[in-house]
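Look at the model below with its sequence at hand.

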Amino acid sequence: MLRLMPNDHAHLNGVLALTRRRLVQGASALAVAVRYGSRRAWARVASNTAVAGPASATTTLTVNGQTHRLSMDARVTLLDLLRERLLLTGTKKGCDHGQCGACTVLINGGRQLSCLSLAAMHDGDRITTVEGLASDQGLHPVQAAFLKHDGFQCGYCTSGQICSSVGMLKEWRRGDPSLVTENLDDDHPKLTEAELHERMAGNICRCSAYLNIADALREAARETA
Ligand code: FES
Ligand code: FES
C-alpha cells in the first residue's frame, strides 16, 4: 500500500545520502584510529560521532482538518508522529511491520499503513485518522455500521479496520478491481463475499470478529452507495 511519489524519492534520497556520508566518514575515521591508534585519529572518530546526529525535516501536514508545521527527526514514521507528537492515539501500533493493518489511516482520501510511511514524505498531505471521521452531523456511516453490528471486540484493530473500510468502499465505488475481480471491464464489481475478504485482507483481527465486520461493511456499502 506504500506508494512513493517522485518528490518523496528525491527527499528520501537526500536524507539517505546525508546519513550515508556521515556513516562513511565515521567508519573511515574509526578504521584509521583502530589501525594506528593515534590520538588525532580517535579525536576524529569522536567529532564524527558528534556530527552524526539524526537528520531533521520540516513538514506541513493537515491532520483531521487542522494544519501543523512540524520539525522532526527525518526517520520518524507517520504512525509515531500521529501517536506521540499529535497525541492521536486512535491509530494503533500493532506489528509496526506492515502486516496487521492496525495503523491504517487515510492520506489524501486513500488508505495507507502509517507504520510504513515516513512523516517527512507527506509534506502538504491531508491525513484523516479515526478521530477525524465523525462530523458535527454524527458518526461516519462506517462507524455507525460497526457499532450496530458489533464489528469490534478488543478495539485494538478497530480504528484500522474502520479507516481501511472507508478507503476500501471508496475504491470499490469508483470501480477499482481487486485481485479476485473476474471481469476487469466491469466498472461496478459487486461487493461479493470474496471481494469483501480480498479487499480487507490487509487488516487482521486476532479475535475473529470478521463476520460482524463483514455485516457492518455490507450495510455501510448500501448506505453510502
Ligand atoms: S502496525 Fe502498521 S501494519 Fe501493523
Ligand atoms: S477486535 Fe481487535 S483484534 Fe479483533
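Ser208 has a relative accessible area of 52%, and because the cut-off for an exposed residue is over 50%, Ser208 counts as exposed. The model is a predicted one. Ser208 sits in the loop that links helix 6 and helix 7. Its phi is near 60°, which is a positive value in a residue other than glycine.

Asn64 also has a positive phi, of about 50°, although Asn64 is not a glycine. This residue belongs to the loop between strand 1 (56-63) and strand 2 (66-73). The relative accessibility of Asn64 is 27%, so Asn64 counts as partly exposed. A positive phi, near 55°, is found in Asp150 too, and Asp150 follows helix 4.

| Residue | Phi |
|---|---|
| Asn64 | about 50° |
| Asp150 | near 55° |
| Ser208 | near 60° |

**A loop residue and its contacts**

Asp176 is part of the loop between helix 5 (158-173) and helix 6 (193-199). With a relative accessibility of 24%, Asp176 counts as partly exposed. Which residues does Asp176 touch, leaving aside its neighbours within four places in sequence? They are Glu171, Pro189 and Arg199. Asp176 and Pro189 are 13 residues apart in sequence, and their C-alpha atoms are 8.2 Å apart in space.

**The two sides of helix 4**

Which residues of helix 4 are buried? They are Val142, Gln143, Ala145 and Phe146. Viewed down the axis of helix 4, the buried residues fall within an arc of 165°, so they line one face of the helix. An α-helix has 3.6 residues a turn, so residues three or four places apart point the same way. On the other side of helix 4, Leu147 and Lys148 are exposed. The cover over the buried residues of helix 4 includes helix 5 and helix 7.

**Helix 4 against helix 5**

Two packed helices are described by the angle between their axes and the distance between the axes. For helix 4 and helix 5, the axes come within 9 Å and cross at roughly 130°. The two helices are therefore oblique to each other. Helix 4 passes helix 5 in a right-handed crossing. On the helix 4 side, the contact is made by Val142, Gln143 and Phe146, and on the helix 5 side by Thr158, Gln161, Ile162, Ser165, Val166 and Leu169. By class, the residues in this contact of helix 4 with helix 5 are five nonpolar and four polar, with no charged residue.

**Helix 4 against helix 7**

At what angle do helix 4 (residues 141-149) and helix 7 (residues 210-223) pack? The angle is about 135°, and the axes are 8 Å apart. That makes helix 4 oblique to helix 7. The crossing in which helix 4 passes helix 7 is right-handed. Helix 4 contributes Pro141, Val142, Ala145, Phe146, Lys148 and His149 to the contact, while helix 7 contributes Asn212, Ile213, Asp215, Ala216, Leu217, Glu219 and Ala220. The contact of helix 4 with helix 7 has eight nonpolar residues, two polar residues and three charged residues.

Technical notes
Residues are numbered from 1 along each chain as its sequence is written. Chains are lettered from A and ligands numbered from 1 in the order in which they are written. This is a predicted model: local features need pLDDT of at least 70, side-chain atom pairs count only at pLDDT 80 or more; totals for chains, interfaces and linings use all residues. Side-chain values use heavy atoms; hydrogens and water are left out. Axes are lines fitted to C-alpha atoms, for helices over the stretch in contact, and angles run from 0 to 180 degrees between N-to-C directions. Helices (H or I, at least four residues) and strands (E, at least two) are DSSP runs, numbered from the N terminus. Angles under 35 degrees count as roughly parallel, over 145 as roughly antiparallel, 65 to 115 as roughly perpendicular and the rest as oblique. A crossing is left-handed if the near helix is turned anticlockwise from the far one by less than a right angle, and right-handed if clockwise. Contact means heavy atoms within 4.5 Å. Ala, Val, Leu, Ile, Met, Phe, Trp, Tyr, Cys and Pro count as nonpolar, Asp, Glu, Lys and Arg as charged, and the others, Gly among them, as polar. Buried means under 20% relative accessible area, exposed over 50%, partly exposed in between (1.4 Å probe, protein chains only). The arc is that of the directions from the helix axis to the C-beta atoms.
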